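Visitor: I am new to this structure and would like to learn how to read a few of its features. Could we look at it together?

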Amino acid sequence: MALLPASRLDVLRAALLVLVTSCATLVLELAAARLLARFIGASLHTWTSIIGVVLAGISLGSYAGGRLSERGASFRWLAGLTALGAVLALLPLGWVAVLGDGAALRPIPVLPRTFLLTFLGFFPVSFVLAMVTPLALRLLLPDLGRAGRIVGLLYALGTLGSLAGNFLTGFVLVAWFPVPTIVLTVSGALMLCALLALPRASVSAPPVEPAAPATAGAVAAAVATPPSTGVDLRARPVLACFLVASASFCTLAIELAASRILAPTVGVSLLSWTGIIGVVLTGMALGNFVGGHLADRWPRQEVLAGSMLLAAASCLLIPPIHQWLVLKGHFDGLGLQARIVAYTAAVFLLPVTALGTLSPQVLRLALADVERAGRTVGRLYAWSTAGALLGSFLTGWWLIAKVGVYPLVMGASLGLVALAAFVGQVWRRPLFIGATAGTLALAGMFGALGLFASPCTEETDYFCIKVNQVEHDGRRLLAMQLDHLTHTMVDLEDPSYLGYPHGYIHSEVVRHVAARTAEPRVLVIGGGGYVVPRWVETYVPQVRMEVVEIDPAVTRIALERFGVKPDTRIASFSLDGRQYLQEMAERGAYDLIVQDAVNDLSVPYHLMTREYDMLVRSLLKPDGLYLLTVIDEIPRGSFLRSALRTMQEVFPHVELLHDARSGSQGQGVYIVAGSARPMELERLPELLRGLGIEQPRTGRVPRAEIDAYLAAGPALLLTDDFAPVDNLLAELFLLREQVAP
């Protein structure tokens with residue numbers, strides 16, 4: 001039975017629902033990490049679980065929506081699903097309220113707990129909202145002649161909605177509003193859209209008839225689709241599903257590779273992820289739109305195969321374009337957000353756009369009749385999302401660490417070449433033989449030039465780790481670089497050399513603690529190259545030291561190559577810092593806790609909140625000290641101001657320490673010290689002189705200067721619900737550019 005043509009109002013209403021539900025899904029996905037960090041930390045496993053659960057919900061929801069569309073479709077269905085999604089969006093807030101401090105879940109191992117929380121909180125809403133798109137397509141698709149354009153339009157609108165949710169959350173909402181407010185706003189917006197869809201529409205889709213052998217739609221399909229000598233996807237639905245899954249797999253692999261390729265240039269933060277995801281979604285939207293028009297204009301397998309070859313060739317261009325842009329410094333004058341977007345767009349927009357053209361073409365070629373369009377779209381969209389899901393898990397958990405990002409890009413390109421050859425039956429067309437050979441030759445040439453060789457000593461899920469020799473302070477040093485920051489410099493012959501000034505401050509405070517406690521216990525969050533733990537073990541051996549470093553490869557390299565004794569007594573743990581403090585650290589047992597989990601402008605937001613500081617205080621002895629490393633500027637920096645205010649909410653006594661040799665203002669590394677009792681740091685110079693140290697490195701910012709700094713601008717109270725750390729640090733990036741030579 002044919003559908004009645006949809007009015008313009010109906011098209012707009014359906015488009016709005018697809019746009020808003022996709023936007024809501026992305027906002028909730030980004031908010032998920034903030035809501036769950038207090039229970040499971042913010043490690044790679046957390047992000048992978050969130051992305052995986054949401055993608056699984058979208059995949060299964062798309063399939064269910066396609067099946068549901070066969071029973072008929074109307075705007076009442078769309079309104080009902082959107083309203084249900086609005087209710088389910090509130091589930092995460094309910095779980096957070098019920099769980100409290102999360103103590104009831106701690107007997108469950110971390111990985112199962114991570115999956116359980118993400119599933120309970122975010123699978124239901126992503127599943128329900130994903131059902132909207134197949135039903136909307138069933139309403140708007142009157143014939144196969146416009147199938148490509150309609151599918152491409154809805155895919156593009158869904159992607160644009162995700163794009164809007166991505167930028168809105170990363171650049172605006174998180175910076176201005178607590179996470180519960182964001183979730184409540186999403187729920188309200190969904191309910192409003194549901195109400196807009198309720199009035200009686202001028203179009204509805206009847207149930208699918210049990211199936212005559214040859215429907216009018218099937219006849220139309222035969223007429224509308226020109227004969228092709230390639231593989232007929234209407235007769236091979238499994239192949240169609242495999243193709244869309246492969247396209248999505250490559251897209252997600254490229255997206256995750258982008259984060260690691262750009263990390264040495266712009267770092268890794270919420271802002272970098274927002275920019276990368278935004279550019280990828282923009283490319284997908286453009287590709288979906290263009291692919292829909294290609295599918296209607298030239299619905300042939302050879303056009304699809306040509307699009308695959310174009311995608312393969314554009315993937316090959318990623319390494320040379322990126323390296324050329326970095327070498328020339330074309331975007332060095334831009335602010336952080338603009339630089340992230342510019343680099344990502346210049347390097348990754350073309351390949352992602354080319355990949356985005358594939359799914360609408362596959363769907364158009366796989367459609368056999370209009371009546372089952374919803375089911376076909378739902379099935380293919382489900383497999384497309386499943387491919388993205390596999391690409392996310394496999395790339396994030398295994399491929400990057402095992403093969404590296406540049407070989408990963410090469411592999412994706414060669415896989416697309418192989419698919420293009422099969423789909424287009426390249427051996428039957430001399431032109432395609434030449435295009436395929438040219439693409440392979442380009443890959444061989446770039447490989448011979450070394451463009452796909454990893455620049456890292458070791459690539460991990462968290463960092464590009466480089467270990468090399470450097471000259472500094474007139475010494476020959478071994479350096480560890482994590483992404484774009486030289487994190488550690490050690491003199492293998494001299495453990496007393498600590499490299500950066502804040503390392504000397506840490507060492508002097510350790511001596512202060514050791515002077516009043518026979519066997520002090522020290523916990524360091526963020527091990528890096530173990531420069532301070534190595535010093536402690538050498539010069540204050542009575543200290544019992546624990547080091548928590550989230551990346552096990554960083555710990556392994558530090559222990560093997562950076563001068564730590566083979567029989568070291570240092571206890572090392574590869575875990576998110578907050579998870580360790582919540583689940584493994586002993587309450588009231590530590591004399592000193594050092595928070596050094598920073599990588600230049602990349603700071604774990606969940607380690608900066610009032611709730612985290614309260615957790616730290618519960619682990620300290622009554623006279624214990626907490627040292628928080630912060631990179632910022634006085635007097636203009638906002639991040640340090642917020643860190644100070646947050647620390648003052650928890651600790652009665654707060655000091656601001658700096659390198660005594662460089663003054664108490666300007667850009668640099670500061671240490672916020674907190675304690676429940678007076679720290680007595682004024683005695684530190686006398687103690688150090690007794691040890692032969694005439695010029696201490698630990699300087700104390702005068703109280704009057706601290707008060708003036710706090711009064712000079714807004715000092716945010718950072719909480720688990722509201723911690724715009726990345727946005728505050730973006731200001732420091734701009735300040736650096738202002739003083740750069």
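Guide: Start with helix packing. Axes are lines fitted to C-alpha atoms, for helices over the stretch in contact, and the angle between them is taken from their N-to-C directions. Keep in mind that this is a predicted model.

Visitor: At roughly what angle do the axes of helix H19 and helix H20 cross?

Guide: Helix H19 covers residues 501-514 and helix H20 covers residues 531-539; their axes cross at roughly 35° and come within 10 Å. The crossing is right-handed.

Visitor: Which residues make the contact?

Guide: H19 contributes Gly503, His506, Ser507, Val510 and Arg511, while H20 contributes Val532, Trp535, Val536 and Tyr539. By type, the residues of this contact of H19 with H20 are five nonpolar, three polar and one charged.

Visitor: Next, the cysteines. How many disulfides does the count come to?

Guide: A disulfide is a covalent bond between the sulfur atoms of two cysteines. Here the count comes to one disulfide. Cys456 and Cys464 form a disulfide, with their sulfur atoms 1.9 Å apart. The torsion about the S-S bond of Cys456 and Cys464 is about -115°, so this disulfide is left-handed.

Visitor: Is Cys464 buried or exposed?

Guide: Cys464 is buried, at 3% relative accessibility.

How values were computed. Residues are numbered from 1 along each chain as its sequence is written. This is a predicted model: local features need pLDDT of at least 70, side-chain atom pairs count only at pLDDT 80 or more; totals for chains, interfaces and linings use all residues. Side-chain values use heavy atoms; hydrogens and water are left out. Axes are lines fitted to C-alpha atoms, for helices over the stretch in contact, and angles run from 0 to 180 degrees between N-to-C directions. Helices (H or I, at least four residues) and strands (E, at least two) are DSSP runs, numbered from the N terminus. A crossing is left-handed if the near helix is turned anticlockwise from the far one by less than a right angle, and right-handed if clockwise. Contact means heavy atoms within 4.5 Å. Ala, Val, Leu, Ile, Met, Phe, Trp, Tyr, Cys and Pro count as nonpolar, Asp, Glu, Lys and Arg as charged, and the others, Gly among them, as polar. A disulfide is a pair of cysteine sulfur atoms within 2.5 Å. Buried means under 20% relative accessible area, exposed over 50%, partly exposed in between (1.4 Å probe, protein chains only).
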